[in-house]
Structures are given as C-alpha cells and as structure tokens.
Amino acid sequence: MTVSTDGKIMVRRWLVTFKPFRIFVVGIGFFSLCFLMTSLGGQFSAKRLGDSPFTIRTEVLGGVESRGVLRKISDMLEVILKRMDSLAKLDNATAADTRRLDELSSAINKFQPAGLMEMIQTIAQNVSNMAVRVEQILQTSILQGKALRDGTSSQCEVPKDPRYPECPGKVDWMRARWTSDPCYAFYGVDGSDCSFLVYLSEVEWFCPPLVWRNHSSPPSPQQVQQPKGTKRPAAFRTDLSMLLDQIGAGKESLSFMKRRIRRLAPQWTTAANRLNTKLEHRWRDQKKILIHVGFLTEESGDVFSPKVLKGGPLGEMVQWADILTTLHVLGHNLKISMSVKELQSFLGVPPGRGSCPLTGPLPFDLIYTDYHGLQQMKQHMGLSLKRHKCHIRVIDTFGTEPAYNHEEYATLHGYRTNWGYWNLNARQYMTMFPHTPDNSFMGFVSEELNDTEKRSIRENKVNSMAVVYGKEASMWKVQRGGGGGGKEGFLQILHKYMEVHGTVYYETQRPPEVPAFVKNHGLLPQHELQQLLRKAKLFIGFGFPYEGPAPLEAIANGCVFLQPKFKPPHSSLNHEFFKGKPTSREVSSQHPYAEQYIGRPHVITVDYNNSVEFDAAIREIMRTKVEPYLPYEYTCEGMLERVHAYIQQQDFCASEPAFIPANVSRQGDNLARPLFVALANSTALGWAPDVAATAWPPLSSLRLLVSQEGESCVEACRSHGFICEPAHFRFINNKEALRRLDVQCEVLDSEMNHVLPAFSVLRRECGLQREPLLFSCAGHSPKYRRLCPCRDFRRGQVALCRDCL
C-alpha cells in the first residue's frame, strides 16, 4: 500500500502552516507560552483589524481552563511536529508509513477545538509582535544607557517653557498611551522621552524645538501651511469623459449620477461657452479640489445605493452629480473619493487610528464633502482637521445655523444636536436651496428646454391630467392633520376634475395604498418621467418629501405645482423629521423656495384641510395657462456662475480682523464723515462710497436695516426686497452703526449671543457681538431689535449681489 500524492501534499501543507508555530513551541516551551499568554491578558483571540501590535484585545479563554487547553495544544503539537518531520522525508511510503499518517490524521481529528488554526496563527503573530516590542525596549535601554554615560540625558528633559504650557502634560500622555495608535511608531516614537519630545515638537506643535536636533533640514510638513505653488489658469472643459471615468462604477448610485451627467452634457457645454463669454475670458485660478462623497461610502452604511431603483430619495445624488460636473467644467483639478480608503490615500493619512497629523501638507485647496465625510475626516486626520478645516465645504441639504455650529455655545444654550458643532464659518455649509442665508447656496440644475420643446409642450398639454409627487407607497398612506390633510379627501376632489397619475415603485403587485382610480406607471426612468410631466397640467405634492428637486423639474416642464401649507410651520420643535437637524428654521410649506421665489401662477400653496380652498385651487389651475419656467440659478449656467464666484472669492483661511471704524481710510482723512449714508427712496442705510474697505460681497451692496422685535434678519431683509449677508456683520457690529440708526444706548455690552448686534428699546440696552462665528441672520428674540446687514442680489441669482462678478 502506498501513500497517495494528495497525502504528501497534505503533509507538506501542514508543515508550512505549523512552521512558525513549531519554532515557537520548540524554542519557548509550554511555560514560556503560558507566561506570554498571561502577559497578553491571560486570554487570546484573533487580532482585530487596526489594533496596535501592543494592545491586542483578548477574549476567548481564561484561567485554569485556558492553561489546560494550552498544555493540551502544546503537547499535541510536539507529537504532531515530530511525526511530521519523519513523514516529510518519505519518498516511497510503506505500510508502516501509511499507518503513521493514519495515526496523525486520527490524532488531529480527536483534537479540534473551535478556531484551532486561528488560535495558533494568533499566538504566532503575538510572539512576532512581542519580539519587535522587546527589540524596541532593548534599543531604548541602550540609547538611554549611552546618554547617561555621555552625560547627554539632559537633552531629553521635559522643558518647562511658558510658551508651550501643554508640553509636560502631553509628554505624560505619550508615556502612558503612545502604543494606543501605531501612527506614533510610524513617526519614530519608541517609548523614550527623546522620541516623545521629537514627535511633540516636529510632528505636532506642543513642545519647543530641541536645540540638539538638526534644524537645517526642511521643517516638518505639519509646521508649514500648504506651499503656494505657481498659479495655473482654469480653462472651461466641455469633454466630460475624464470625469465619468473618475466617478467609477459598481454601485447603482454611481450609475445614476453618470447617466444624469451624460444626459445633461450638451447643456453644460452651452452653459460653459456662455459664461466664458460673460466673464470676458478673464483669468481664473485653477484649484486642487478633493470631493469626498461621505454618504455613499460603505463605512457610512450607504443606505441610498440599494434604493435607487426602488423609489428611494435621489435628491442628494442629483446634487452631487451636478457639483462634480460644475467643478470639472470650471476647469479645476479634481480627485474623487467614494471610500474611506481613497480618502486616506488622497490626504496622506499615516497608518493607524487617526491620532496623528497628516504625513505632509494638505494637497488640496478645497475639499467638498458632507456631514458623513466630515466625521470620517475627523476620525482619520487627527489634529490636521483643526488646522485645515478652513479648506472644507460641507454639502448640507437643510442648512446649519450659527447657534448650532458653535460647539461651546450650542452646548451651553441647548442647540447641541447630532450634527453641527464643528466651529466652521457658517458660510462653509452649502445648501440645496437658498433658505439659510447664513450658509452658502450650492444648489443643483434642472433641464432647460429649447424653444422647440417649449412649443411642443404648449401644443400637447392635457388640462385634466395630474401627476402625484410620491414614488414611495408610504407617502400615500391616509393621514390627517399636520398640513398633509386627509389624503382620501383631497384625492377624491382631485379625481372629480382630473385624471390622476402616479409613479409609485412596486415589485410584483399594485401598492394597496394607491387608490384604484390612480393610473400608476411604476418607477419611471428620467426621460420617461420628463415626457409624463410635459403632458400633465398639475404636479401635486402630499407634503413630503421636503424641498426636493422634482417640483422644479415639473415647473420647468410646464406644470403647476400644488402643495400644502403647513399650519403651524414644521420645525425641529414640532416635527419628527426636523428633530436633531442643526436648524430652527420654520418650513411653511412642502417647498418654501417654490412658494417664496417662484409663486403664482407656477406654484400654488393652499391648506389641504380646507376642502373649499383646495377645490378652488384645482379649478384655477385648469383654467390658467402657464409657460415652462426655470429660475436662472437652477440652470447649468447659473450654477457655474455661482460656484465660480465662490471658488474665486471666498477665502475662509485668511484671517478677518475685527473691523474698527477709526482705522479705516476715508477720503481727505476726514474722520467725521460717516460710514453709513442714507439711500434715495429707501429706509435702509448704505455704505459710504468714500470709505475704503476690502470685502466680498463688496460693500457697495450693503443695506443696513433694523428688524422688529422677534423678527430675524432673514425676515427683515426679505420684507424690504433684500437678502441677509452674514459676511457684512463685522462692518455693522460697532457703535457708529447704532448711532447712525439713532439707537439710544444707556448700556453697551459685548458678549456671545447669536442675536447680536441688537438693542432693547424699552431698557435702552445695546449689545455687540464678541464671537464672529455667532454672527447669525437666523437669530431672533422677542426682547430685541436686530441690526441687519442686508444686500441686493442679481435677478435670478440670489446668491450673488449685483457687483459680485
């Protein structure tokens, strides 16, 4: 009888598998094994990804049971290894040899505790790690002994420098915790005080430079800002193939975004040529930009991708597709990240758990991300996030108000939520609609129709056809109150006048929530939905989702958008959807932008609980002729224009010193001349044209107003046909502004409060803002009238003032 080839292969595989452990068993023995396992916590398990070699978490076996199992493993392995040595030498097996192999197989089969191979591999890895650690300790001891002999140990004494008060505490922390993250070892930390001080003075900045270090070498990347390289011009691009390749594949969300980019490609080309002509081919700096789409990463859970083809929300993907296209068409140098691994690679994150700064200067001028991405950057950038956060722009659908953004203030005054509290400049948050002037308005685009398409719509509109805004069956469930009304009631009224169409997703059978009289088309591809909207007269909302792109697309295709009025308005105080969001904004209807900036005849907002009002609205819509309408700011050209201005003009890394009126230059050095002057046919004050001050938006757009008690600057400016401009708060936060407004101040204080600058008429108390991050258009108080920095804006482009380009 002979041993098969498979048997020989099996023996060789066992030998390879046990080779590292064989050395371990023979060289150390059972008691050394027990000692090592005790030093590792008395237990053992598979090493987890990302754990430091010196902080293995162990949790399977322990105590007497652990020692018994280890003894059993050790004894058995010694027998196995001895038999393997002889078996490995076999060439032509005999019957006796075969018997030995059978005995080995039987012994192995008798002893198979759960996870035996994993345990053995873990022990071998732990021994290897312990050897490295011992080597480090020996090297450290040798260096310290040499330092004592040479009399140079004083070089590594912890300095007590008043300019670096945190240094001793940081050294103590490093002594206790330097093994908590492998990134410290990556930067050369070895457990000695010398290595701690080198790290804390050259990689971080908590300790003074060491005099004995070679400082002729270039400074650490962490001690310098990003170098200002030679500026390159940004040239408009019309070829989108490189962008499509960068986005990648493998997810339905990415496929959706790429389909959208391809479909709108001709419009982006036309818009780029128009804007280039408008800007007169002027120089534009090309920026290095990282786009990290955090909500689509696997690490954030990515709940969106699986729902793309099942009626899930698409608004965020619409906006990100348009942001990517805008930045590409504007000619900037882009890197696109859809995973944490790509983020780490692009940023230069050292290996470990994110406790250490980046390995080099920030390689980007701007970083566009979302709240998920911001949290991931915090986790992996360490101290570098604080240093580089001025480069970040956060795409934030519903907005973040300053009171929620300021961490200390939010915590003390009840504005702390799961979002917000990042201490950014509030203009670094970029919204989908211009509902929060404290933030910047990013937006998205809707498809623009040409004259032929508009004429076709006029000829083919069906006055008695309605399409319901609601792709998910849950949106059709009957409910009463809350502004959504009783759906069975107003749908019956609608059905009396119109043929009702739906686009509700379903897999096998018609959703029971959809009434029988509704013609349901199922979830439609974008081009088929466009065709449906071009025929329909009415696009009707149920009250949810809030502020999505679909109503603008319907209006652009010649529909009237009918939506519910919310009484009372929905907010974080009374509605579950908004709870936890970093805003106190009150939403008066399903789509406030459509209500306030578009309005009749394209948008009609009524109380769905009032059947008479709802009935009248339907009849009004049927007899009213409307043309397709799309606000300029939601065209490709409008978005390119807006984002171009932000990139070239907004700089949150440059320091903004407090504005001191006495220090400004005035024509003729006449300090008696006022900063603010009366404007013709207006109750607002304007900035004096002979006073020089650098700002964007330019101060020529400033209109100084006073709110009523309980009124925010958002409302005060809007009521006068302006928009609140937070960048101008620092120019009106002074006594001269109060004096020019004839405000009587018996008491004038400076404090942290998001309604300041403001004053109380009754008490004659005035307050100026002490914390620039709390300048807030949204803040209001029933006790105070606020000083409001309003500005003008371009027709169809509320984000930009008339002189902003």
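Q: What is the relative orientation of α17 and α21, roughly parallel or roughly perpendicular?

A: Two packed helices are described by the angle between their axes and the distance between the axes. In this predicted model, the axes of α17 (residues 487–497) and α21 (residues 611–623) come within 10 Å and cross at roughly 30°. Axes are lines fitted to C-alpha atoms, for helices over the stretch in contact, and angles run from 0 to 180 degrees between N-to-C directions. Angles under 35 degrees count as roughly parallel, over 145 as roughly antiparallel, 65 to 115 as roughly perpendicular and the rest as oblique; α17 and α21 are therefore roughly parallel to each other. Their crossing is right-handed, a term for the near helix being turned clockwise from the far one by less than a right angle.

Q: Which residues of α17 meet α21?

A: Contact means heavy atoms within 4.5 Å. From α17, F490, I493, L494, K496 and Y497 meet S611, F614, D615, I618, R619 and M622 of α21. By class, this contact has seven nonpolar, one polar and three charged residues. Here Ala, Val, Leu, Ile, Met, Phe, Trp, Tyr, Cys and Pro count as nonpolar, Asp, Glu, Lys and Arg as charged, and the others, Gly among them, as polar.

Q: At what angle do α10 and α22 cross?

A: The axes of α10 (residues 315–329) and α22 (residues 636–649) come within 10 Å and cross at roughly 70°. That makes α10 roughly perpendicular to α22. The crossing of α10 and α22 is right-handed. D322, I323, T326, L327 and V329 in α10 are in contact with M639, L640, V643 and I647 in α22; the classes are seven nonpolar, one polar and one charged.

Q: In what order do the six strands of the open sheet lie?

A: Helices (H or I, at least four residues) and strands (E, at least two) are DSSP runs, numbered from the N terminus, and two strands pair if DSSP finds at least two bridges between them. The open sheet has the order β2-β1-β3-β4-β5-β6, with parallel pairing. Its edge strands, β2 (333–337) and β6 (440–441), each pair on one side only. Helix α11 (residues 340–347) packs on the sheet and touches β1 (288–292), β2 and β3; the direction of α11 makes about 145° with that of β2. Within the sheet, β3 (residues 366–369) and β4 (residues 392–395) pair over three bridges, and I367 stands opposite I392 in β4.

Q: Which peptide bonds are cis, and where is there a positive phi?

A: Most residues other than glycine have a negative phi, and most peptide bonds are trans. The bond from F544 to P545 is cis, with omega near 5°, and P545 lies in the loop between β10 (536–541) and α19 (550–556). W696 and P697 are also joined by a cis peptide bond, with omega about 0°. Y421, not a glycine, has a positive phi of about 55°; Y421 is in the loop between α15 (407–413) and β5 (429–431).

Q: What is the average pLDDT of the protein?

A: pLDDT is the predictor's confidence in each residue, from 0 to 100. The protein averages 83, and 76% of the residues score at least 70. Over residues 87–94 the pLDDT is below 50. Where pLDDT is low, the predicted coordinates should not be read in detail. Residues are numbered from 1 along each chain as its sequence is written, and side-chain values use heavy atoms, leaving out hydrogens and water. Local features need pLDDT of at least 70, side-chain atom pairs count only at pLDDT 80 or more, and totals for chains, interfaces and linings use all residues.
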